[in-house]
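Visitor: Hi, I have a new model open and would like to talk it through with you. Could you walk me around?
Guide: Happy to, let's have a look.
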Amino acid sequence: MSNITTFPDARVPTVNEVRARRNVLIQAWRFAILNLKMIMMVTKGHH
Amino acid sequence: MARTVILGAGIAGHTAALHLRRMVGKEHEVVVVAPNSKWNWIPSNIWVGVGQMTVKQVTFPLAPIYRRKGIEFHQALAVELHGEGSADLPRPHVTVRYTDPEREGQVAQLEYDYLINATGPKLNFGATPGLGPDGHTWSVCTAGHATETAKAFEDVIARLKGGEHQTLLIGMGHGTCTCQGAAFEYTFNVEHELVKEGVRDKAEIIYITNEAQLGDFGMDGMNFGHKGDIIPSQMFTESLFQERGVKAIMSAHVEKVEPGVVYYEQVDGNKGEQQFDFAMLLPPFRGVDMAAFDMDGNDVTSTVFAPSGFMKVDADYTPKPYEEWKASDWPKTYQSVAYGNVWAAGIAFAPPHQMSRPRTSPNGTVIAPAPPRTGMPSGVIGRAVAQTIAGRIKNGAAGKVHTASMADMGAACIASAGKGWRTGQAAAMTVFPIIPDKEKYGELGRDTKETYGEIGLSAHWMKVMLHYLFIYKAKARPLWYLIPE
């Protein structure tokens with residue numbers, strides 16, 4: 001017997017969202033933001 | 001002169017050793033005992049397991065680093081802890097058995113003034129019959145395992161190219177596993193490679209997990225703040241599964257593995273079996289098998305270590321129902337309950353309880369993801385313990401006690417979903433605090449401004465950057481200590 005689950009109701013990204021996830025310029029900007037977020041996280045978590 | 005012995009050279013032990021060496025004078029000894037000769041940046045084993053990196057890229061020999069830094073290194077396995085000393089050696093000491101080729105099997109006693117237990121986990125493949133590289137499934141837990149797995153995966157691709165259909169099963173090999181993030185990463189790296197090779201349509205990928213929902217990650221899930229909305233990690237993760245066409249077997253405990261088939265039980269008591277052509281299933285962790293003895297030679301292992309084999313520290317281990325769990329149950333200083341000069345850092349400390357709600361099937365099978373404490377928390381704890389010891393060495397009992405509670409600490413997780421400078425993808429997730437604190441942050445238990453998730457190429461670049469950054473740091477290159485844990 002198999003009990004495999006699929007996720008047909010899950011929201012999948014739109015075409016534009018997929019493009020944005022791969023766009024080098026947008027992602028370079030997100031990379032900078034991510035770095036800032038990580039630095040803030042590290043600063044807050046290190047005593 | 002003080003002598004600190006550190007058991008283990010993973011993220012916690014190696015971080016503690018480098019920081020302690022930096023913080024105390026050369027007249028004080030820092031000694032590392034580790035069974036492996038090489039340091040391994042384990043997060044990148046995922047890429048070794050799909051043939052995108054080599055063992056050499058994720059490991060390096062420890063001995064030259066320790067020689068350069070003035071740290072004494074013993075390639076050995078700690079087998080006994082004598083925290084009060086023993087009749088023949090009154091100072092506290094550990095008994096070690098050497099694993100390096102020149103002294104293999106020899107036993108020695110190493111005395112200490114301070115001890116850090118950073119032994120990490122024992123990969124408990126034996127908990128599930130047939131699990132692991134000696135059985136019928138593959139693993140990416142070590143660089144060696146990942147290399148073998150990559151060869152098996154290469155064979156799968158060859159068969160797919162030959163027109164065969166293949167079922168790939170990836171996930172957790174037991175109901176009490178942790179590190180769901182690693183299995184998640186491997187799943188999507190495999191999927192990415194199959195797409196690259198043009199054979200995705202012939203392969204079925206199934207993720208098998210002990211999580212009650214996708215995105216639980218052994219942390220009871222997360223709620224990401226996003227433009228004023230809250231996005232549960234379940235929604236975030238299910239979206240990726242649907243987008244990439246990956247199916248799942250949820251809330252499952254793998255009972256046994258036979259060639260080409262796993263037998264599992266789900267939390268509702270249903271039993272099932274799943275055929276596979278290739279399976280990468282992670283093992284559950286337990287503490288390394290170190291025994292503890294008092295001065296008279298009596299076995300005090302159950303006083304020093306929890307039944308899981310992890311060391312008991314300053315946590316509240318009182319058994320209580322899930323609803324009564326508190327963030328304050330979690331340890332702060334990581335000092336042993338039995339000895340004032342012993343600490344456990346990283347995976348080696350016994351957590352007071354899980355983060356995810358533990359579940360039991362009608363047949364009594366426990367399906368409860370263990371709490372993750374790898375990576376960033378391991379490093380932060382390792383450094384805090386090293387700071388505490390340095391304070392003790394310099395100022396005696398008046399030395400400052402440093403704390404690193406996972407209830408006050410955030411963590412970042414970059415889960416790769418495929419490698420490639422232009423085609424790579426990863427999910428970047430931050431969580432604050434790691435341990436949910438409903439008293440402080442309300443029902444969601446975490447700060448939703450600091451708890452955040454994003455998928456994209458930028459997260460993949462970050463994963464690559466962290467790979468090089470942490471290897472640089474672990475090699476103790478110039479200004480390494482400026483790189484945070």
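Visitor: Where in chain B is Pro433(B) found?
Guide: Pro433(B) sits in the loop between β25 (426–431) and α10 (438–441) of chain B. Keep in mind as we go that this is a predicted model.

Visitor: Noted. What kind of peptide bond joins Phe432(B) and Pro433(B)?
Guide: A cis one, with omega at about -15°.

Visitor: Let's step back a bit. How many helices and strands are there in chain B?
Guide: Chain B has 11 helices and 26 strands. Its radius of gyration is 22 Å, close to the 23 Å that the globule rule gives for 485 residues, so chain B is as compact as a globular protein of that length.

Visitor: And what does the C-alpha trace of chain B span along its principal axes?
Guide: About 65 × 50 × 45 Å. Buried residues account for 55% of the 485 residues in chain B. As for contacts between residues at least 6 apart in sequence, 68% of those in chain B join residues at least 24 apart.

Visitor: What about chain A, how many helices and strands there?
Guide: Chain A has 2 helices and 0 strands. Of its 47 residues, 17% are buried.

Visitor: How many residues of chain A are in contact with chain B?
Guide: 25 residues of chain A are in contact with 37 residues of chain B. Both α1 (15–22) and α2 of chain A supply at least two residues each to the side that touches chain B.

Visitor: Which element gives the most to that side of chain A?
Guide: That is α2(A), with 10 residues. By class, the side of chain A that touches chain B divides into 11 nonpolar, 8 polar and 6 charged residues.

Visitor: I clicked on Ile26(A). Which helix does it lie in?
Guide: Ile26(A) lies in helix α2 of chain A, which covers residues 24–45. Ile26(A) counts as partly exposed because 15 other C-beta atoms lie within 10 Å, and the cut-off for buried is 20 or more.

Visitor: Now α7(B). How far does it reach from its first C-alpha to its last?
Guide: Helix α7 (residues 233–244) of chain B has 12 residues and reaches 17 Å, close to the 16 Å expected at 1.5 Å a residue.

Visitor: Which of its residues are buried?
Guide: In α7(B), the buried residues are Ser233(B), Met235(B), Phe236(B), Thr237(B), Glu238(B), Leu240(B) and Phe241(B).

Visitor: And what do the buried residues of α7(B) pack against?
Guide: Against β12, β13 (229–232), β14 (247–249) and β26 (452–456) of chain B. Just after α7(B), Gly245(B) takes a positive phi of about 70°.

Visitor: Speaking of phi, what is the value for Tyr334(B)?
Guide: Phi of Tyr334(B) is also positive, about 70°, although Tyr334(B) is not a glycine. Tyr334(B) is found in the loop between α8 (301–304) and β21 (342–344) of chain B.

Visitor: Is Tyr334(B) buried or exposed?
Guide: Tyr334(B) counts as buried, because it has 29 C-beta neighbours inside 10 Å.

Visitor: One more: where is Phe217(B)?
Guide: Phe217(B) is in the loop between β11 (203–208) and β12 (223–226) of chain B. Its phi is near 55°, a positive value in a residue other than glycine. Phe217(B) is buried, with 28 other C-beta atoms within 10 Å.

Notes
Residues are numbered from 1 along each chain as its sequence is written. Chains are lettered from A and ligands numbered from 1 in the order in which they are written. This is a predicted model: local features need pLDDT of at least 70, side-chain atom pairs count only at pLDDT 80 or more; totals for chains, interfaces and linings use all residues. Helices (H or I, at least four residues) and strands (E, at least two) are DSSP runs, numbered from the N terminus. A residue is buried if 20 or more other C-beta atoms lie within 10 Å of its own, exposed if 12 or fewer, and partly exposed in between; C-beta atoms are placed from the backbone. The radius of gyration is taken over C-alpha atoms; the globule rule is 2.2 Å times the number of residues to the power 0.38. Two residues are in contact if their C-beta atoms, placed from the backbone, lie within 7 Å. Ala, Val, Leu, Ile, Met, Phe, Trp, Tyr, Cys and Pro count as nonpolar, Asp, Glu, Lys and Arg as charged, and the others, Gly among them, as polar. The expected span of a helix is 1.5 Å times one less than its number of residues.
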